[in-house]
Amino acid sequence: MAAQIIDGKAFSARIRDKVATHVARLKDEHGITPGLAVVLVGEDPASQVYVRNKGKQTVEAGMNSIEHKLAADTSEETLLALVDKLNNDEQVHGILVQLPLPKHLDEDLVINSIDPAKDVDGFHISNVGLLGTGQKSMVPCTPLGCLMMLRDHHGNLSGLDAVVIGRSNIVGKPMAQLLLGDSCTVTIAHSRTKDLPDVVRRADIVVAAVGRPEMVPGDWIKPGATVIDVGINRIEAPEKGEGKSRLVGDCHFESCAEVAGAITPVPGGVGPMTIACLLANTVTACCRANGLAEPDGLTA
Ligand code: NDP
């Protein structure tokens, strides 16, 4: 194996330490405790795990965690009224509505009802527009985590060729905007891209956000390139015993690691960075709301 492994677990621990230090300072010097409100509608098991982890890490960082768990049949009116209440609550600096929402609720309407200044997921249309025009915004957590790892590894990204595979609103598109903001030459690939292997082979940086297990093999990777694997896919693992499974990324780790200069593993790469960046965004939102200096290195 040639590639350096980019350890997202260790990196995210450093981010959380920075967040905790800043939170302690906000409390000591200004008497302010950042608060993150998470709204979960329904009982999707994966969402319940995410929300539990978010709450735990928020408290560990010294912040207030406010959880609202609503029944799956909650009406849009009730949900919008809750978001409105949180928008007007001075103790709440960040609001996250856990997606996906049950089918009868309009996700766009709900997300766009969040005060953009408290939209720590960065999905509000205002934040999307601000990011797209290179203005100060709330940046979606997963792409922000990828950018932090890339900056840490490369120092300066200017002029590098970057290929983002995937064009979703939560990962692919904001990732491409962030890389463009750092002066990469960016290509966004998707399911209609012609000759994807050839496109990927040009890249100094490959960000895979597809949701297809081990789709990118090592022979698509330019020697020395940096591979950021966002994908989280559960596949069967009969070698671990009957009915067992394991997590893999969108890149075939072993073969990509033979060729790449650096690569994020799955698990332990991008995943842990996402919640760390959510905490970072909450502190940033709190500082902005109070006209205080933002912590260094925790946003784009
Ligand atoms: P989406 O399903 O919203 O988007 C997938 C994208 O991949 C689409 O743009 C699609 O193209 C593209 N795609 C699908 N098949 C191919 C193909 N054969 N060749 C090229 N492109 C293809 O997924 P998300 O962006 O939400 O998530 C992507 C992955 O990242 C998932 O595995 C998800 O679990 C993971 N994830 C991980 C997070 C983390 O914290 N680590 C956070 C969020 C997501 P098209 O638009 O043409 O359909």
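This report describes the surroundings of the ligand and the salt bridges in a predicted model.

**The ligand and its shell**

The ligand is surrounded by 22 residues, and the closest are Arg167, Ser168, Ser191, Arg212 and Thr274. By type, the residues of this shell divide into 10 nonpolar, 10 polar and 2 charged. Helix H10, which spans residues 270-289, gives the most to the shell, with 3 residues.

A nitrogen atom of the ligand lies 3.0 Å from a polar side-chain atom of Arg212. An oxygen atom of the ligand is 2.8 Å from an N or O atom in the side chain of Thr274. For Ile232, the atom concerned belongs to the backbone: this polar atom is 3.1 Å from an oxygen atom of the ligand. On its own, the ligand has 930 Å² of accessible area, and the protein covers 70% of that area.

**Salt bridges**

Side chains of opposite charge can pair when their charged atoms come close. The count for this model comes to 7 salt bridges.

| Pair | N to O distance |
|---|---|
| Arg151 and Asp182 | 2.8 Å |
| Lys222 and Asp204 | 2.8 Å |
| Glu239 and Arg246 | 3.3 Å |

The side chains of Arg151 and Asp182 meet in a salt bridge. Arg151 lies in helix H6 (residues 141-154), whereas Asp182 lies in the loop between helix H7 (172-181) and strand E6 (185-189), so the pair ties together parts that are 31 residues apart in sequence. Arg151 is partly exposed, at 27% relative accessibility, while Asp182 is buried, at 17%.

A salt bridge also joins the side chains of Lys222 and Asp204. Lys222 lies in the loop between strand E7 (205-208) and strand E8 (226-229), and Asp204 lies in the loop between helix H8 (196-201) and E7; the pair therefore ties together parts that are 18 residues apart in sequence. Lys222 counts as partly exposed, with a relative accessibility of 28%, and Asp204 counts as buried, with 18%.

In the pair of Glu239 and Arg246, Glu239 is exposed, with a relative accessible area of 58%.

Finally, salt bridges link Lys136, Arg288 and Glu294 in a network.

How values were computed. Residues numbered from 1 in each chain as written. Predicted model: local features only at pLDDT ≥ 70, side-chain atom pairs only at ≥ 80, totals over all residues. Heavy atoms only, no water. Near = heavy atom within 4 Å. Polar contact = N/O pair within 3.5 Å; in protein donor to acceptor, adjacent residues only side chain to side chain. Areas by Shrake-Rupley, 256 points an atom, 1.4 Å probe, with all protein chains shown as cover. Helix = DSSP H or I, 4+ residues; strand = E, 2+ residues; numbered from the N terminus. Nonpolar A, V, L, I, M, F, W, Y, C, P; charged D, E, K, R; others polar. Salt bridge = Lys/Arg side-chain N within 4 Å of Asp/Glu carboxyl O. Buried < 20%, exposed > 50% of the residue type's maximum accessible area, 1.4 Å probe, protein only.
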